Amino acid sequence: MPYGRPEPLAVKIKTRLLAAAQALGTDDPVRPIKRLIDSTFSLPEGDARYGANALTPMAAPIEPSFSELQPHVLRFTIEPLGPGASGIDRRDEATREMRRLVSENFGGDALRWFDERSEAWRGFGGSSNLGYGAFFGTTSDRDGLAASKIYYETGENQLPALGRGLLGIVRTVTSLMPSLRPLFTTLSAMRSEGGQRLTFVQPEPIRIADFQPLLDALGLGDRMPGLLQTIGLTLGGRFDLPANSTLVAFGQDSEGFPEFELYVMLGMIPDIPPNFLQLLSLGLNERPRELIALERWLSAFTPDDDVWPGRFSILSLRTGRRSPPRVSLYLRPAEFELPASMLRAA
């Protein structure tokens, strides 16, 4: 590299991901999407243009996450392509990467499944009024690429294109909670199966207990106490959530039964307890293996010269007929946030 030219942020991101993979015992997460990382993070570290993104505003658009349901993997999401790319370009690039990874890693049947399920989002009909277009994510375990995901921005007009089972769930959801607005659909391809989910945003203030009739209708009414226990504990006794701070996702398990996930956008909550992580860890005490996995994940994303990995952006709880509510935690790595002066100005 010529003298005086700063390194692209991609170098630092790849270094962090490789270090995290080594700490977590997973295969190299960079190799499958090296070209996409390079094209997405080609600007230097700290460039203010990174902050204008829909995934992690005021930080570079990369978001690692921990899941109790997948405690020994490395997973992360990015907003593909660099600042200034159009929603159509992001959608098309994410689609190309998804098709390539699915074909190379999971085979022709998986690719045909993806092409069929994604047609309404990747085709001409899905091009109108796109904002961010799409996000893209991968999951790696010790054997290599375990999953590839694409998050397509979704409007009301695309709901009829959902699979029959998911469409039935969504119709129940929208009839009981008409204030919900579709945000994106997630298509996940894994080694042996694929799945689709739809995520809504709740634009109005809401109480957690307001989801009880919906959970009852989906056959998940008995999961409400577990949701309330974890939310109440980690948010310091708060059971009501402000406008636009709540996302809810719906899907199906491998047997076709409904699944529900509640996302709390932590940056929208005005009074998060300062000991939030300690409270979350307290809630995991009864599941010591998952608690150890969370501590290991936090350590994997903590820089060598720091004691903290970054800001927690989202807390989610996922449940279904076969699983009580289980936690996921999303991170804005401290290494990739814009300088404090820019954050104050914003």
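Reader: Where is the place of Arg 238?

Author: This is a predicted model, in which local features need pLDDT of at least 70 and side-chain atom pairs count only at pLDDT 80 or more, whereas totals for chains, interfaces and linings use all residues. Residues are numbered from 1 along each chain as its sequence is written, and side-chain values use heavy atoms, with hydrogens and water left out. Helices (H or I, at least four residues) and strands (E, at least two) are DSSP runs, numbered from the N terminus; Arg 238 sits in the loop between α7 and β8 (240-241).

Reader: Is Arg 238 buried or exposed?

Author: Buried means under 20% relative accessible area, exposed over 50%, and partly exposed in between (1.4 Å probe, protein chains only). Arg 238 counts as buried because its relative accessibility is 14%.

Reader: Which residues is Arg 238 in contact with, leaving aside its neighbours within four places in sequence?

Author: Contact means heavy atoms within 4.5 Å, and on that basis Arg 238 is in contact with Ile 231, Gly 232, Ile 269, Pro 270 and Asp 271.

Reader: How should I read Asp 89, and is it buried or partly exposed?

Author: Asp 89 belongs to helix α3 (residues 87-106), and with a relative accessible area of 39% Asp 89 is partly exposed. The C-alpha atoms of Asp 89 and Arg 289 are separated by 41 Å, the two residues being 200 residues apart along the chain.
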